[in-house]
Structure formats: C-alpha cells, structure tokens
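Here is a short report for a reader new to this structure. It starts with the surface and then turns to side-chain contacts.

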Amino acid sequence: MYSPQRSSSRGRSLSVSSSPSETERSNAEAKGLEASLLQLINDHNHASFIVRQQTEKAKRDAIIKAARVSNTLVDVVNGGVQESFVNEKRIEYEIRALAATIARFMKQTDQWLAATHALNTAVKEIGDFENWMKTMEYDCKSISAAIHNIYQE
C-alpha cells in the first residue's frame with residue numbers, strides 16, 4: 001500500500017536529501033508509518049469484526065427471546081381459547097341432556113293427560129249411569145206406586 005504521504009516523503013527525500021543515511025531514515029520512517037497505518041486498519045477491521053459478531057449474537061438472542069415471548073403469548077391466548085372450547089362442549093352436552101329430559105317429561109305429561117282424560121270420561125260415564133239408575137228407580141217406584149194404587153182400588 002502506498003499512501004500519498006509516503007510518495008511525497010519519498011519525493012522530498014530524493015530531491016532534498018543529500019546524504020544516504022537521511023534517505024534510509026525517511027524510508028524507515030515511511031515504512032514505520034505504513035506499518036502503523038496497516039496496524040490501525042487491522043485493529044479497526046478486528047474491532048469491526050468483534051462488533052459485528054456481538055451485533056449478530058445480540059440479534060440472534062433478540063430473535064430467540066422474541067420467539068419465546070411470542071410462544072408464551074400464544075400459549076396464554078390458546079389456553080383461554082381452549083378453556084372456552086371445553087366450556088362450550090360442556091354446555092352443548094348439558095343442552096342435549098336437557099333436551100332429552102324435556103322430551104321425556106313431555107311424553108310423561110302426555111301420558112298423564114291421556115290418563116286423566118280417560119278418568120274424566122269414566123267419571124262422566126259413572127255419573128251418567130248413576131243418573132240413569134236414579135231415573136230408572138224413580139220410574140220403577142212410579143210404576144210400583146201406580147200398580148199399588150190400581151190394586152187397592
């Protein structure tokens with residue numbers, strides 16, 4: 001790598017310097033500067049690499065933690081949804097059981113209504129029969145009284 005300072009210092013040393021030791025010293029100084037610059041660049045690259053690694057690690061950690069938070073939130077929400085689903089199934093089961101009980105009670109009520117209707121009909125018939133018997137008894141007494149009156153005369 002050649003820097004502008006090196007070429008200018010080289011140019012200066014060639015045109016200005018008259019002694020060979022001064023030229024060697026400026027060449028050594030230029031090499032020292034170049035080595036220092038290379039060391040600075042290497043240090044910078046190394047520091048950048050470390051920062052990139054730390055950034056990538058932080059990014060991976062953030063992604064993992066975000067996934068954990070997301071999973072936890074999904075679990076919490078799904079837990080509520082799952083509980084609601086279970087409750088809904090229980091309610092549906094209870095509704096079916098109540099519908100079956102209602103149907104059974106309706107059938108039993110219809111049977112009771114039929115039995116009471118039959119009983120009412122029987123009571124009416126008994127009442128009609130009793131009334132018929134009273135009418136027959138009255139008619140028989142009337143006929144008996146008429147026959148008794150005819151026989152006594």
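The chain has an accessible surface of about 13600 Å², and carbon and sulfur atoms account for 62% of that surface. Accessible areas come from the Shrake-Rupley method with a 1.4 Å probe, and for residues only the protein chains shown count as cover. This is a predicted model: local features need pLDDT of at least 70, side-chain atom pairs count only at pLDDT 80 or more, and totals for chains, interfaces and linings use all residues. Residues are numbered from 1 along each chain as its sequence is written, and side-chain values use heavy atoms, with hydrogens and water left out.

**Overall build**

The secondary structure holds two helices and zero strands. Helices (H or I, at least four residues) and strands (E, at least two) are DSSP runs, numbered from the N terminus. Helix 2 covers residues 20-152. Of the 153 residues in the chain, 5% are buried. Buried means under 20% relative accessible area, exposed means over 50%, and partly exposed lies in between (1.4 Å probe, protein chains only).

**Salt bridges**

How many salt bridges does the count come to? The count is four. A salt bridge here is a side-chain nitrogen of Lys or Arg within 4 Å of a carboxyl oxygen of Asp or Glu. The table lists some of them.

| Pair | N to O distance |
|---|---|
| Glu92 and Lys89 | 3.8 Å |
| Glu92 and Arg96 | 3.9 Å |
| Lys141 and Glu137 | 3.6 Å |

Salt bridges link Lys89, Glu92 and Arg96 in a network. Glu92 and Lys89 are three residues apart in helix 2, so about one helical turn separates them. Glu92 and Arg96 also both lie in helix 2, four residues apart, about one turn of the helix. Glu92 is partly exposed, with a relative accessible area of 28%. Lys89 is partly exposed too, at 43% relative accessibility. Arg96 counts as exposed, at 56%.

Further along, Lys141 and Glu137 are four residues apart in helix 2, so about one helical turn lies between them. Is Lys141 buried or exposed? Lys141 counts as exposed, at 54% relative accessibility. Glu137 is partly exposed, at 43%.

**A nonpolar patch**

Which residues form a nonpolar patch on the surface? They are Phe129, Trp132, Met133 and Met136, with about 420 Å² of accessible area together. Patches are made of residues with over 30% relative accessible area and no salt bridge; like charges are joined within 9 Å, nonpolar side chains (Val, Leu, Ile, Met, Phe, Trp, Tyr) within 5 Å. Met133 sits in helix 2. Met133 is partly exposed, with a relative accessible area of 39%.

**A charge over a ring**

Arg104 lies over the face of Phe105, 5.3 Å from the ring centre. The rule for a charge over a ring asks for NZ of Lys or CZ of Arg within 6 Å of the ring centre and within 35 degrees of the ring normal.
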